[in-house]
Amino acid sequence: MKKLITLLVLISVRTFSQNYAISEIPEELKKDANAVIRNISSEYVIKAEDNIELKKKIIISILNKAGESVSYVYIPYDKYSKISDIKIKILDENGKQIKTYSKSDLNDVSQSNDSYLYSDDRALKMRIIHPVYPYTIETSYTERSSDTVFLPVLQPYMDENVSVQNWSVEFKNESGIKLRKKVTETSFGKAEISESDQYLKAAYKNLPAYKDENYSPDEKVVVSKVEFALDKACLKGICGDFSNWNSFANWYKGLLDPVSVVTPEIQQEINALNLSGTVSEKVQKIYQYMQSKTRYVFVAIGIGGWQPMSADDVRKKGYGDCKALTNYMRVLLKAAGIPSYYSVIYSDKTAKTFDKDFPKMDGNHIILCVPTENGNIWLENTSQNIAFNHLSYTTMDRNVIMVKDNTAEIIDTPKSLSENNKEILKIKANISADNTLSVSSSFNFSGGMYDIFLPLVSLSPADQKDAMRKRYDYLQFSNIDVTNLKNDRTEATINFDLNFKANNYSKSLGSDIYFRAIPFLDSDFYLESTDRKLPIEIPFGFTDDYEIEYTIPENYKFSENLAPATLDSEFGSFSMEFVNQDKKLLVKRKFMLKKGTFPPDKISDYINFRKKANKLDHTKILITKL
C-alpha cells in the first residue's frame, strides 16, 4: 500500500510538471507566437467595501528571444495594499523547475516616469532573461487591499504575438454588495461565464496569438473583455455608492469640494483681470491668463491620483496635472461667477466611451466644460499654447462624465469633421535649368491639423527647420527657412511660411526636364498585405487643399496639357487639375480622407484608393527646351 501511495504521488507530480512542458501547448497556440500565456488566474475574495483579497498566478512560456517583451515580473502596489507570499519559479522546456526567486530579488521602484513630479504608486519588478529557449516563468502572490473601486478588466491581451491558453478572473463575494459585470464580445474571444449568488467566474481559453496590423484600432477596443464593478466601493479610504452615475457624482464631488475653495488670493486674481463682455469673452480671458502662469506636471499622490491638488496650491506653485489645472480653471471661473464642470474622458487615438448603463470609475484625462447660451465651451487645460475652446482629435467624437453638483451627465464632445481638419497650402515654385527647385510657400492648419503642428510653436527657430527637414526628408534641401509662424489661439489656426531650395528635384531627359506635380507628399501611408483579420481604422479625417504655381525657365515650354483627375471612394476623395498660364502652370489638388472604421474585407479597396491618389501625386510634368 505504501508503494502504491508513493507511485500515485510521483504520477501526480509528473502530471503537474507536464502541464507546463512546452510540448503540452497546442500547436495552434504556437503559431505566430513568441510567448504563450499558460495560465493567468486572479482569485478575489470581496470581504467588504473596503476589504478585498487577491491570489494571483501568472504562468507564461517564453518561446524565443522576441518573447522577452513579456519575460518580466511586475507587481504594482501602494500604501493601501499589502503584497505577500511572492513566489517565482523558472521552468525548463520540460516543465522542470530550474531556478527560484523571492521578494528580496525584486526591485522596489516608483511607477513614475520623467514626466511625473510626485507619485505614490510603486511596483516590485524584475526582468527575467534565461539563456536557453523555451522556458516558463511562474509567478504567484497574494495582495490585500482596501481599494475596491478598480476591479480588474478581464481582457485576454498582453502583447502582440502572445497567445492565451487560459486567462480567468474569479470572485467570491462575501460582502453582500452587488457585483456587476459587463461582457463585450468581438470576434477575438468569447468569455466562459459561471456564476451563482456569491460567486462569479469569467475565463477566456485557447486564443491564438494576436497579430497587430497597420491602420487597425487599439487592441483594447478590438479584443473581447469582461468588466466588473461594485455598487459600493472605496478608493484610498474614501467610500461611496457607484450604483448609478448620480451617486458617482456625489462621491466625486466629495473629492473636489475640499480642493475647490475660492481663496481671497484667487478672488484677487479674478478681480485684477477686470472682466467685461460676453461670457465667452470672459472665459477666454481667464483661460489665457491661466495658461500664462501654469505648466503641466503629472502629480499622482493623495487619493490614488484622482483628487486634484488644491486650486490655491496650483496658484502658488504654477504647475499641475490635468486634474489640478482643470480644477484651478474651474475655481477661477467660479470666482468670476461662471459655472463650469469637471469632465472625465478617455483621451486615446481610438475613441473609447462611457456606458450610460454601467457606471464605474474610469477614464484617463480631465477637461472642462463651460455651458453658455451659445453652446458648450470645451477647455483643454494642460497646454500653454493650445487655442481657446479647442479639443484635439484624441478628445473629440466621444463622451465625458460631466460632474455636476449632485448629478453626473454623460454628454458628447464635438465631432471631428474631415472638412474642418484642414491643411491649406499655397506654393510658388520655380524650376531651374540646373534641376534646382526654389519654393516660397505658406501653410495654414486648422482643426485637428492644428494639433499636429502645434508642437512647432514650442521649438527654437533652428529646431523648427530641423522638424521641416525631417518631415520632408525626401527633398534634398540646400537651404530652408521657416518664418512668420503664428499660433492664433482664438481661431485655432497655425500659419507659417516655408521657403527653401532643393537640389535634383527635377530630372533631365536629353534637353527636356520633367518633375513631380506635388513637391509635398503624404509619405506616411504604407500598406501592402490584403490578408487581414482586423478592422481598418482611420482615426483622423482631414482635408488637404493645395495650390501650386510653377514657373519654368524662359527658354522652355510646357510640353502637354494634362487632363484633370478625380477619385471618389467611401474612404474619401481626390481631385487634381492643371491650368496653363503661359510660362506658368497652376496645379490644384484636393485630398479628403474620412474618419471611420471599416471591415477587414475592405482592405483592398482602401489600398487601391490610397495608391491611386499617391500615383496621381507623382504625375510627371514635362517641359521642353525651345
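**Notes on the predicted model**

1. Glu 53 is found in strand β2, which covers residues 51-62. The structure is a predicted model, and within it Glu 53 counts as buried because its relative accessible area is 12%, the cut-off for burial being under 20%. The side chain of Glu 53 makes a polar contact, at 3.2 Å, with the side chain of Arg 144. When neighbours within four places in sequence are left aside, Glu 53 is in contact with Thr 142, Glu 143 and Arg 144, and also with Glu 43, Tyr 44, Val 45 and Lys 47.

2. Ser 41 is buried, with a relative accessible area of 13%, and, once its neighbours within four places in sequence are set aside, Ser 41 is in contact with Lys 55, Lys 56, Lys 57 and Ser 168.

3. The hairpin passes from β12 to β13 through two residues, and Ser 194 stands opposite Lys 201 in β13.

4. Helix α4 deserves a careful look, beginning with its length. At 1.5 Å a residue, the twelve residues of α4 (residues 245-256) should span 16 Å, and the end C-alpha atoms are 16 Å apart, which agrees. At the start of α4, a side-chain oxygen of Asn 244 reaches to within 3.0 Å of the backbone nitrogen of Asn 246. Which residues of α4 are buried? They are Trp 245, Ser 247, Phe 248, Ala 249, Trp 251, Tyr 252, Leu 255 and Leu 256. As background, an α-helix has 3.6 residues a turn, so residues three or four places apart point the same way.

5. An open sheet of five strands is arranged in the order β22-β21-β20-β23-β24, with antiparallel pairing. Its edge strands are β22 (375-379) and β24 (408-412), each of which pairs on one side only, and the twist from one strand to the next averages 35°. Within this sheet, strand β20 (residues 341-345) runs antiparallel to strand β21 (residues 365-372) and is joined to it by five bridges, with Ile 345 standing opposite His 365 in β21. Helix α4 packs on the sheet, where it touches β20, β21, β23 (399-403) and β24, and its direction makes about 60° with that of β23. Helix α8 also packs on the sheet, touching β20, β21 and β22, with a direction that makes about 20° with that of β21.

6. A further open sheet is formed by eight strands, in the order β27-β28-β26-β25-β32-β36-β35-β34, and its pairing is mixed. Why is one side of β27 and of β34 left without a neighbour in the sheet? Strands β27 (476-488) and β34 (565-569) stand at the edges, each with a single partner strand, so one side of each has no neighbour there. Neighbouring strands are turned by 10° against each other on average, with direction ignored. Strand β25 (residues 422-431) pairs with strand β32 (residues 542-551) in the parallel sense over nine bridges, and Asn 430 stands opposite Thr 551 in β32.

7. Helix α10 (residues 461-471) lies across β27 and β28 (493-503), running at about 120° to β27. Helix α11 (residues 603-617) lies across β34, β35 (572-581) and β36 (584-593), and runs at about 165° to β36.

8. The largest nonpolar core has 90 residues, of which Phe 496, Leu 498, Phe 500 and Tyr 550 touch the most other members. Helix α8 (residues 322-335) supplies the largest share of this core, eight residues. Not counting residues up to four places away in sequence, Phe 500 touches Leu 437, Ser 438, Val 439, Leu 475, Phe 477, Asn 479, Ile 480 and Phe 520. A second, separate core of 65 residues includes Ile 37, Ile 86, Trp 245 and Ile 401.

9. Is Asp 582 buried or exposed? Asp 582 has its place in the loop between β35 and β36, and at 72% relative accessibility Asp 582 counts as exposed. The C-alpha atoms of Asp 582 and Ile 552 are separated by 10.0 Å, although these residues are 30 residues apart along the chain.

Terms used
Residues are numbered from 1 along each chain as its sequence is written. This is a predicted model: local features need pLDDT of at least 70, side-chain atom pairs count only at pLDDT 80 or more; totals for chains, interfaces and linings use all residues. Side-chain values use heavy atoms; hydrogens and water are left out. Helices (H or I, at least four residues) and strands (E, at least two) are DSSP runs, numbered from the N terminus. The expected span of a helix is 1.5 Å times one less than its number of residues. Buried means under 20% relative accessible area, exposed over 50%, partly exposed in between (1.4 Å probe, protein chains only). A polar contact is a pair of N or O atoms within 3.5 Å; within protein, one must be able to donate a hydrogen and the other to accept it, and residues adjacent in sequence count only if both atoms are side-chain atoms. A nonpolar core is a set of buried Ala, Val, Leu, Ile, Met, Phe, Trp, Tyr and Cys residues joined through side-chain atoms within 4.5 Å. Contact means heavy atoms within 4.5 Å. Two strands pair if DSSP finds at least two bridges between them. Axes are lines fitted to C-alpha atoms, for helices over the stretch in contact, and angles run from 0 to 180 degrees between N-to-C directions.
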